[in-house]
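Trainee: Could you take me through this model, one question at a time?

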Amino acid sequence: MSFDELFTEGFTRTVRTLVLMGSDRATAEDLAQEAFGVALKKWDDVGGLDSPLAWVGKTALTLWTSHCRTSGRRRSLLAKAEPLSTSTAPHALTTSDQRIDLVRALEQLPERQRETVVLHYILDQPVSAIARTLEVAEGTVKSQLHDGRRSLRLLMADTDAHPIREGGSSEPHRK
């Protein structure tokens with residue numbers, strides 16, 4: 001795969017991932033462009049990888065995390081996210097309301113669950129690629145996907161569900 005093919009195939013998906021992580025569209029495009037710029041500079045190494053797109057995705061997520069730390073705040077997903085294009089999203093939702101509900105639900109997931117869910121279901125990454133991207137065991141990815149699906153199911157079924165606490169539990173805290 002050439003760099004041009006990688007860029008053509010992956011830029012929109014990378015931007016969409018960053019938007020679902022909480023970025024506004026302009027910042028997502030800037031960060032995706034920066035991630036692809038790093039890939040181009042390191043193309044001799046990146047081009048030889050099994051999945052250069054996974055490497056770009058990991059770089060984009062790292063840039064996003066850094067951006068969040070330096071800005072000191074996360075922007076609201078609902079206010080900033082643009083609807084997914086039905087022509088480019090592999091599992092595009094059919095109505096604007098469904099998209100908004102999904103974005104709201106994703107916003108409530110702990111960051112690691114949100115990362116794994118977005119990488120797996122939006123970018124169609126296999127568990128093994130996600131594990132390499134996030135530098136965790138495959139079992140951890142499977143656990144995060146399981147917890148993320150359970151949390152999303154609760155959040156999407158009941159808009160008044162309790163906020164998801166770090167660690168993935170949606171159950172109210174009991175003493």
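Predicted model: local features only at pLDDT ≥ 70, side-chain atom pairs only at ≥ 80, totals over all residues.

Mentor: Residues are numbered from 1 along each chain as its sequence is written, and side-chain values use heavy atoms, with hydrogens and water left out.

Trainee: Is glutamate 115 buried or exposed?

Mentor: Buried means under 20% relative accessible area, exposed over 50%, and partly exposed in between, with a 1.4 Å probe and protein chains only. Because glutamate 115 has 6% relative accessibility, the residue counts as buried.

Trainee: Which residues is glutamate 115 in contact with, leaving aside its neighbours within four places in sequence?

Mentor: Contact means heavy atoms within 4.5 Å. With those neighbours left aside, glutamate 115 is in contact with Met21 and Leu134.

Trainee: Which residues have the most contacts inside the largest nonpolar core?

Mentor: A nonpolar core is a set of buried Ala, Val, Leu, Ile, Met, Phe, Trp, Tyr and Cys residues joined through side-chain atoms within 4.5 Å. The largest such core has 41 residues, and those with the most contacts inside it are Leu6, Leu18, Phe36 and Leu106.

Trainee: Which helix gives the largest share of this core?

Mentor: Helices are DSSP runs (H or I, at least four residues), numbered from the N terminus. Helix H1 (3–21) and helix H2 (25–41) are among those that each supply at least two residues of this core. The largest share, 8 residues, comes from H1.
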